[in-house]
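Q: I would like to learn how to read a few side-chain features. Please give the general idea each time, then the case.

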Amino acid sequence: MTAPEPPRAPGGCPVAHGAAYGAGYGGAPPGGAPPGGGLPVGVPLTPLYGQAVADDPHGLYARLRERHGPVAPIELEPGVEAWLVIGYAELLELTRNEALFSKDSRHWRVPAEGRLAPDSRLQPMTAWRPTLLNLDGAEHQRLRAAVSDTLAQIDHRQLRETTAAAANGLIDSWGPDGTADLIGQYARALPLLVSTQLVGLPTGSGPRMIELISHFVDSGPESVRAAGEFQSTLTGLVRHRRTSPGADLTSWLLAHPAALTDEEAAHHLVVLMIAGNETCINWIGNTLRLLLTDRRFRATLTGGRLTVSDALEEVLWRDPPTQNFPGRWATGDTVLGGQYISAGDMLVLGLAAANADPAAQGAASAAQGSLGGNRAHLAWGAGRHVCPAQHPARIIVETAIETLLHRLPDLQLAVPSSELAWRPSPWSRALVALPVLYSAFTPPRPPVPERPAPAWTPPTPPVAPDPSPADPSPSGSTPSDATSTGRTPGSGPPDRPSWWNSLVGWWSGR
């Protein structure tokens with residue numbers, strides 16, 4: 001789609017960033033702020049916020065594609081414009097051209113022109129920070145190596161067993177009435193139970209972390225305050241681990257040859273906690289929703305024609321846990337997808353919309369759900385900034401689904417599917433609740449002989465002593481043959497220690 005260059009709205013007076021979260025890491029963009037620009041005058045901007053993006057995002061993206069092509073003008077909040085890249089090829093071009101489309105948000109014209117309020121809900125997701133998400137070139141590679149190498153130290157077998165132990169404990173806590181909310185009582189609790197151990201936070205910090213992350217990614221009224229508290233918590237953890245290292249991600253990150261500062265380490269823990277947990281929560285929830293509402297999907301999975309691993313890939317195509325992601329910032333005037341982009345414009349990665357681009361997949365294939373084995377989706381991003389935590393996330397989510405299907409094989413949705421509500425987030429694709437009914441309750445498999453101590457253990461908490469033992473023996477549950485998928489060799493289901501039951505009981509209010 002090409003057209004003569006449209007007139008541009010004049011830019012406002014440049015002012016300093018406000019005092020909101022992240023402003024202290026702002027400053028002038030490399031090369032200085034552009035003097036003006038913006039989206040074409042007179043072009044209606046489609047809001048990418050509120051209930052519209054929650055109720056029918058796929059319909060919204062289809063309408064944008066029909067009206068504007070692969071790159072569409074949108075509004076992130078009143079008075080804040082951006083481009084949404086919804087074409088598959090265009091998104092690949094966007095993510096692979098660092099020179100023209102930078103990850104450094106200090107290029108963004110909107111805050112430079114004083115049009116982003118200090119308390120804007122967009123601040124937590126767009127403010128510049130010294131992380132691999134906000135840098136290009138050699139500095140990005142240095143930080144990415146630190147994160148990738150740190151994640152590579154996770155014992156995958158132990159991670160699977162720990163996840164299964166937490167999943168079984170949550171299911172055991174539901175009681176005999178045959179009802180549960182698979183979002184609030186499972187998907188939202190499980191990743192935090194695991195990740196708090198991984199990073200070295202006290203086990204009791206999980207519920208508060210969930211609340212703060214939800215505010216953060218929903219770009220809601222509490223997002224700025226929540227972001228500040230979240231950052232403060234992880235900064236305290238980093239300071240503690242600097243002097244008292246343990247066997248956890250925080251300590252490994254600090255010990256990496258890249259020599260991260262405390263500030264850099266704390267910001268990367270924010271990235272790992274938010275991206276990792278929010279992705280796992282939504283991936284679990286969206287997979288279970290599809291299982292409970294799509295007969296074709298459930299029949300192929302429970303009938304053995306689709307493995308859990310394949311099912312997870314199909315969800316990443318159809319309803320990825322992150323539907324949109326900020327972003328890239330144009331370093332110069334250019335054209336993308338037939339639209340004229342000005343230096344300083346923000347471009348949002350439309351991951352879900354790009355996956356649905358007819359140019360990337362046939363409409364018939366999408367409708368028939370034949371994408372399970374295809375990993376060419378863009379759910380993890382693309383280019384140099386592709387998500388480095390895919391594999392640990394996959395282990396957590398795959399184990400969560402397998403354990404639930406083994407324990408509760410007759411799960412049914414407790415309400416009409418039309419009554420399911422989505423969180424009004426422009427970034428996450430996340431259910432509010434997923435109420436279910438079940439009757440069959442399969443107990444965990446019998447315990448196996450005790451094994452040697454795991455490769456990593458829950459560390460001493462940084463703030464207050466944790467009453468739970470420091471070296472739990474994890475456990476797991478093997479799914480039925482119909483829904484099982486390949487496992488790490490030797491990752492059979494060991495005994496679940498009593499401390500997991502105590503922890504899950506505390507989480508459930510007992």
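Q: Which residue lies over the face of Trp 128?

A: A charge sits over a ring if NZ of Lys or CZ of Arg is within 6 Å of the ring centre and within 35 degrees of the ring normal. Here Arg 106 lies over the face of Trp 128, at 3.9 Å from the ring centre. Likewise, the charged end of Arg 429 sits over the ring of Trp 422, 3.5 Å from its centre. This is a predicted model, where local features need pLDDT of at least 70, side-chain atom pairs count only at pLDDT 80 or more, and totals for chains, interfaces and linings use all residues. Residues are numbered from 1 along each chain as its sequence is written, and side-chain values use heavy atoms, leaving out hydrogens and water.

Q: How many aromatic pairs are there?

A: Rings of Phe, Tyr and Trp (its six-membered ring) pair if their centres lie within 6.5 Å; planes under 30 degrees apart count as stacked, over 60 as edge-to-face and the rest as tilted. The count is 4 aromatic pairs. One of them, Trp 174 with Tyr 186, is edge-to-face, at 5.9 Å centre to centre and 75° between the planes. Trp 174, Tyr 186 and Tyr 438 form one aromatic cluster.

Q: Is Asn 286 buried or exposed?

A: Buried means under 20% relative accessible area, exposed over 50%, and partly exposed in between (1.4 Å probe, protein chains only). Asn 286 has 2% relative accessibility, so Asn 286 counts as buried.
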